[in-house]
Amino acid sequence: MSPDAIDIVPLEALLERVKEKRDRGCRLVQISAARLPEGVEVTYSFDLKNRLSNVRVLLPDDGTRLPSISAIFGCAVLYENEIQDLFGVGIDGLALDFKGKFYRTTVRFPFGSTKAPAPPPAPPAATAAAGPPQNTN
Amino acid sequence: MARTVIPFGPQHPVLPEPVHLDLVIEDEKVVEARPSIGFIHRGLEKLAEKKDYNEFLFVAERICGICSAIHGQTYCQAVETLMNVSVPPRAVYLRTIWGELSRIHSHLLWLGLMADGMGFENLFMHSWRIRERVLNIIEATTGARVIFGVCKVGGVRRDIEPDAIPGILAELDSIEKDMRDVTKVFLNDKSVKARLCGVGVVSKQEAWDLGAVGPMLRASGVAQDMRTLGYAAFSDIPVVPITRTEGDCYARCAVRCEELFQSVEIIRQAFNRIPPGEIAIKVTGNPAGETITRTEQPRGEVVYHLKANGTKHLQRFRVRTPTFANLPVMLKILPGCDLADVPMIVLTIDPCISCTER
């Protein structure tokens, strides 16, 4: 795949570009995320008549949230939950949100996070005395 | 009517691997299915940051035990694309032969599991008996039965000697005859048809919109097979996708049955055309750039997305496996089905959860 097969768009144009793909009859092949020094790059791959086309957005590491495309491609929910769990990307409008429980990883956000993870709530004194805290990841 | 939630999995007789569904039922009808996966997430993609790109091939081959050969092949193809490496033609044919043997043993494994799920134990044992003979060919040619480890960046590690080819082809003829007998039962037996026909129907449009791949997509009438892209030896050996239009469990079973014979024919053609010559070239340097490579696994299209920055470690290794793509369509067809049909519907996507979670 040459770099020109990837259509890099600003975040605001993502949903519109994805709708265009759906209206043209494309199939959502995958959503892939990659950690870069400047943030997380999210690539949406589409297939039409065996031709692959890609739309890409870059999420800076400042807590910027990704709009869900699950209202356009219902099957996107699994990919988006995966990205949420592995890359710590906040996603708005998920049709089915597993709230960080899609994968049960022992390391939270193994590929880093675009947002500072919320500090774990302090256990109540009585619970803390009862035993060690449970790992809920 | 009162609703009941029935947990299905992660441990269930029809599930070779753990996936969990909360089935919301009214009387005997499923009205909602809530999935839960993540029991065996292994973090293999993250491991690419720590392993040399050549070492990582052994990890890629272990994403799945059943599709191991094609995982290795796809990984090598992706790295070779990044490094602009041309693989010797003989190696390309050998990869194709082992890939199709892998498809046959995967489909036979699935047919056996399907028969077992229906309670047709005799058919299950016959399917796996034939599969053993395919594994014997794989063992004789690669030294291993399931995870072959024959691919490497730049070619393959082993050759098949010309003297061995007539024996393999004769064995394949015999296996094909046995497969005809077994698939006749899958396609014509009254009890099998009663369990599969009209169950879990997916329309062509639904299958496409929900991103289904492989036999799941082709059984709904979409003629899509990544082998038509012409990778490996498929530029010389054209593949016509096998399709059905019913979109039900029976159609998905029938597509896999017919693909068994298609793969046998591909192997025959590959052995007839395999050119002499070397089986690998030396590859030096490190990969750089980005590629998205697609091949056809037994379960459907697999997607490898690689990013490399010229170091010995990949910057990003991401795999979208066929089962991951087929889960949404499975969740779509479960509501409305009878509770007793859930195992059949789940099985007909040929779920591989290890692949899915990587």
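This is a predicted model: local features need pLDDT of at least 70, side-chain atom pairs count only at pLDDT 80 or more; totals for chains, interfaces and linings use all residues.
Start by selecting Lys49(A): with 7 C-beta neighbours inside 10 Å, Lys49(A) counts as exposed, because the cut-off for that label is 12 or fewer. You'll find Lys49(A) in the loop that links β3 (39-48) to β4 (51-60) of chain A. Check the backbone while you're there: phi of Lys49(A) is positive, about 50°, even though Lys49(A) isn't a glycine. For background, most residues other than glycine have a negative phi.

The average for chain A is 81, and 80% of the residues score at least 70. Now click on helix α1 (residues 14-23) of chain A, which has the highest mean pLDDT among the elements of that chain, 94. Then jump to helix α3 (residues 125-130) of chain A, where the mean is the lowest, 45.

Next, bring both chains into view. Here, 20 residues of chain A are in contact with 23 residues of chain B. Which strand of chain A gives the most to the side that touches chain B? Select strand β2 (residues 27-36) of chain A, which gives six residues. Colour that side of chain A by class and you'll get twelve nonpolar, six polar and two charged residues.

Last stop, Asn84(B). Look in the loop between α3 (68-83) and α4 (89-118) of chain B. Asn84(B) isn't a glycine, yet its phi is positive, near 55°. Is Asn84(B) buried or exposed? Asn84(B) counts as exposed, with 10 C-beta neighbours inside 10 Å.

How values were computed:
Residues are numbered from 1 along each chain as its sequence is written. Chains are lettered from A and ligands numbered from 1 in the order in which they are written. pLDDT is the predictor's confidence in each residue, from 0 to 100. Helices (H or I, at least four residues) and strands (E, at least two) are DSSP runs, numbered from the N terminus. Two residues are in contact if their C-beta atoms, placed from the backbone, lie within 7 Å. Ala, Val, Leu, Ile, Met, Phe, Trp, Tyr, Cys and Pro count as nonpolar, Asp, Glu, Lys and Arg as charged, and the others, Gly among them, as polar. A residue is buried if 20 or more other C-beta atoms lie within 10 Å of its own, exposed if 12 or fewer, and partly exposed in between; C-beta atoms are placed from the backbone.
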